[in-house]
Amino acid sequence: MTETAIYAAGGVVWRIVDGKLRVLLIHRTKYRDVTLPKGKVDPGEMLAETAAREIQEETGIRVNLGVPVGVSRYRLPSKRTKIVHYWSAEATEPAIRASSFVPNKEIAALEWVSLKKARARLSYPVDVEILENFARLVDEGVLQTFPIIALRHAKALPREEWEGNDAARPLAPRGKKQSQSIVGPLLAFGARKIISSPAVRCHKTVVPLAAATGKKIETTPLISQDAWEEGRSDARSVIGARVRARKPAILCSHGPVLPDILAELALATGTLRGSYLGSASALEPGAFSVVHLSVQNPGSGIVAIETHAPKV
């Protein structure tokens, strides 16, 4: 990251009204312009967390992030570069009804328009570019997606500092901080189903998320490191169940098991294997890869993969 750059995040918020696609535009009061919802990263935030928070703050609509739709870069009057990451984000009818938006000092109005009108009304070419990336998802029929998230457990105590059973090895102090810091970004992707290896370091990594969602942690030895080392692991059956369910899910596992999890996701969705799978599975402690799949046709292949790492 460039030291002088300012980072921000936002989204192309969409809904279907009477069978027609509509996207949400923001009319800003101060700048008298029309743009997409976005805002600057708060200290300690990860980009996905910023996007979901800013969308809700500007529109009143709570969203789950979908597929990433690009990054815009432009020079500010201060000569600093602003870098904005965008995601597709569906606004459900319950979320729209729950919105308490009223015009304010920042946002004069919200407007739902067609893609054609959005192209004409947006004030900045960089926003139109993001909209075109979004439009390609629409053309490809993969707008509605669900994520399967492969999460590597947070930083654990080193083996040489632990005398007990390896499966009982706890999180290090840094790992405990990581487990807290990833809650916001995981929630941004709508993570509700939490599946973990029984190892303490995996289970404890997702305890803060479980507390935030009120969901129970489902443990399975099929993605544990012990089972993997003994040739008893079975990522295929776990992945198969999650793909068939077509609902957001997190699988918290171990470094050596993650390549199997990503390979099985590719296999289950008819996706060609490539070096991108290696990159998505080579995660540092506390990092996670979000694999986006089509709700209508999960077997049509992985729509996108993105990787996020905690800042602590």
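Predicted model: local features only at pLDDT ≥ 70, side-chain atom pairs only at ≥ 80, totals over all residues.
Modeller: Residues are numbered from 1 along each chain as its sequence is written, and side-chain values use heavy atoms, with hydrogens and water left out.

Colleague: Why is Glu 54 called buried?

Modeller: Buried means under 20% relative accessible area, exposed over 50%, and partly exposed in between, with a 1.4 Å probe and protein chains only; Glu 54 has 10% relative accessibility, and therefore counts as buried. Glu 54 lies in helix α1, residues 47-59, a helix being a DSSP run of H or I with at least four residues, and a strand a run of E with at least two, numbered from the N terminus.

Colleague: What makes the link between Glu 54 and Arg 53 a polar contact?

Modeller: A polar contact is a pair of N or O atoms within 3.5 Å, where within protein one must be able to donate a hydrogen and the other to accept it, and residues adjacent in sequence count only if both atoms are side-chain atoms; the side chains of Glu 54 and Arg 53 are joined at 3.0 Å, and so the pair qualifies.

Colleague: How do you know that β1 and β6 pair?

Modeller: Two strands pair if DSSP finds at least two bridges between them; nine bridges join β1 (residues 6-17) to β6, and the strands run parallel, with Lys 82 in β6 as the bridge partner of Ile 6.
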